[in-house]
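Me: I am new to this entry and would like to learn how to read it. Please show me the model and take me through a few features.

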Amino acid sequence: MPGNARPSNMPDEQQKLRSGKEYNPYALGHQTEVLNLQSILEALPECISPPGSPTQPPLSLSEQSRPTTTLADIHVMISPCPPTEPNGNNNATDSRTNDYQAGDLKPVTGGQCFVGSYGCELEFLKLSRPIEKSALQLKRAPERARKKEKLDSSRGTEASRRVNFILQSLETAHEDFILEQAIHSQQGYVGVPDGGRDWPNSSSTGSARLAYLRNIGGYRLVDTSLNSRFRVDYPFVDAAGRVWAVALAEPPNWEACRAGIAAACGRLLDRVAHLKIPFNRRGNFRSYPFGFSFGMGRTIPMNFTNSDAVDKALTEFFDDPAVQSLFRFAEGGLRTWFPEHWDQFHKGIESAQARHPELRIPVPGTSFPASTVNVGDRVVCDSHRDASNEAAGICLDYVDGPFNADKGGHLVFHEARRIVKLCKGGVILFPSAIVTHENIDIGPTESRFSITGYVPGGVRRYLEAGGRTLKDWVACDPEAASAHEAGGSSRWLLGCARFKTAVELIRFWQAQSITE
């Protein structure tokens, strides 16, 4: 069978080109040399009357046949209401009509004419190339109209739905936590380590520790699991109303993804179980970093160093579809609530990889250049700050495992004096470099694991120094380096300004809905 021709009895939706693309029945045009008048009339819409037939009244808007357009969910976590019904019951879609109208037909001069119900004149001389072209355009018009309608109805939909979702999620009271007063380094790039001595401490664990923080420390318990079941995010705001952390709601079919992630963690643990547990200042469990970073003696950004066995196991782990789905799900939440962070993270990764193409990130196309997988029987973190992460950045934390989430596994934010109860398989975004956090212990026979994503603060410092260390910069241009180092306070405030209030977020996405 020559070219891309297909049997005429094969349905269009089943026809594929050898390249794998969808088969377009009109891609090859009309392979006819002779086109008679009957063929032209059959190509016309039904509302056009042929010569000699009585003129039909125009169809009403509700009676016009048009293709039904279904808007796919842009991102499951930004759905403010149940998914759109299969028939596309959406105001923005229903208010649109088919752009193709019979009155848009252009007459061909000369010859015999007839008048349709829209008053358009079609005149025919003979079977000429202009007539063939007009007939071909007529036959393709419904397909073009469907494509245009789908494109028009999707423009701005993503941004508008993010606005509605933010409005629905903002039900939390303002906190006594002030973002600008968080502890950070003098240069404003990273945080400051903390061993937990500054916060209410006790020798109790588990539910006793939980009660101690609530009754003695004055901490408030925040249950985000209810919001997650109703698919509504839970944002945390500071005293100025800026969103600084968000517990993301579960997307549809999340149980299957959770099972895949747990299986991937199990395979990773099996691969490294015979190895010595590496040192971990956050607790007694296995912790394996992957991606790239800068600092700690590095002169350029470099991939994390692991043994060959661990590196191979981690590569397989991050290639798992369920793990990649986790990072892409968090990507949507990051973009919705922290759009400036999202943009800066991507630009930083692109700049670093442009200078050093060997750098790899855990999941290509996402915002986090580094990730740490915490596996073992009891992944419970002591009170700490991840000081090497970007100070005014946002980190990802995913937790799951067979443990009782009502009694243990809570995430504690000490500066905000909040105890966050996450549902198992929950995802939360927060600035781990400046907020001291810990986990409430779990039961002796229970287990728990976590996956994190973050941006090392040293990478941004390296890029803003022109792709060099501070030592090299001072040797090359001491005045510029000194002035840059002296701007740590203003750099920190600019970083804090990337955190937006609800009003700022809504205005941002409303502007995006206009421009998209």
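**Reading the model**

Reply: This is a predicted model, so confidence comes before detail. The chain has a mean pLDDT of 76, with 67% of its residues at 70 or more.

Me: Over which residues is the pLDDT below 50?

Reply: Where pLDDT is low, the predicted coordinates should not be read in detail. Residues 1-41 form one such stretch, with pLDDT below 50 and 43 contacts in the model beyond near neighbours in sequence. Over residues 43-129 the pLDDT also stays under 50, and the model has 144 contacts for them beyond four places in sequence.

Me: How much space lies in the largest pocket, and which residues lie nearest its centre?

Reply: Rolling a probe the size of a water molecule over the atoms shows where empty space is left. In this model the largest pocket holds about 1200 Å³. Its lining consists of 50 residues, and Arg-281, Arg-282, Ser-388, Asn-389 and Tyr-454 lie nearest the centre. Among the elements that give two or more residues to this lining are strand S6 (286-293), strand S14 (449-454) and helix H11 (457-464).

Me: How do the residues of that lining divide into nonpolar, polar and charged?

Reply: The lining of the largest pocket has 21 nonpolar, 21 polar and eight charged residues.

Me: Is Cys-257 buried or exposed?

Reply: Cys-257 counts as buried because its relative accessibility is 12%, under the 20% cut-off. Cys-381 is also buried, with a relative accessible area of 11%.

Terms used. Residues numbered from 1 in each chain as written. Predicted model: local features only at pLDDT ≥ 70, side-chain atom pairs only at ≥ 80, totals over all residues. Heavy atoms only, no water. 1 Å grid on protein atoms, 1.4 Å probe; cavity = no way out; pocket = protein on both sides within 12 Å on 5 of 7 lines; lining within 4 Å. Points joined across faces, edges and corners; volume = space filled by probe spheres on them. Helix = DSSP H or I, 4+ residues; strand = E, 2+ residues; numbered from the N terminus. Nonpolar A, V, L, I, M, F, W, Y, C, P; charged D, E, K, R; others polar. pLDDT = per-residue confidence, 0-100. Contact = heavy atoms within 4.5 Å. Buried < 20%, exposed > 50% of the residue type's maximum accessible area, 1.4 Å probe, protein only.
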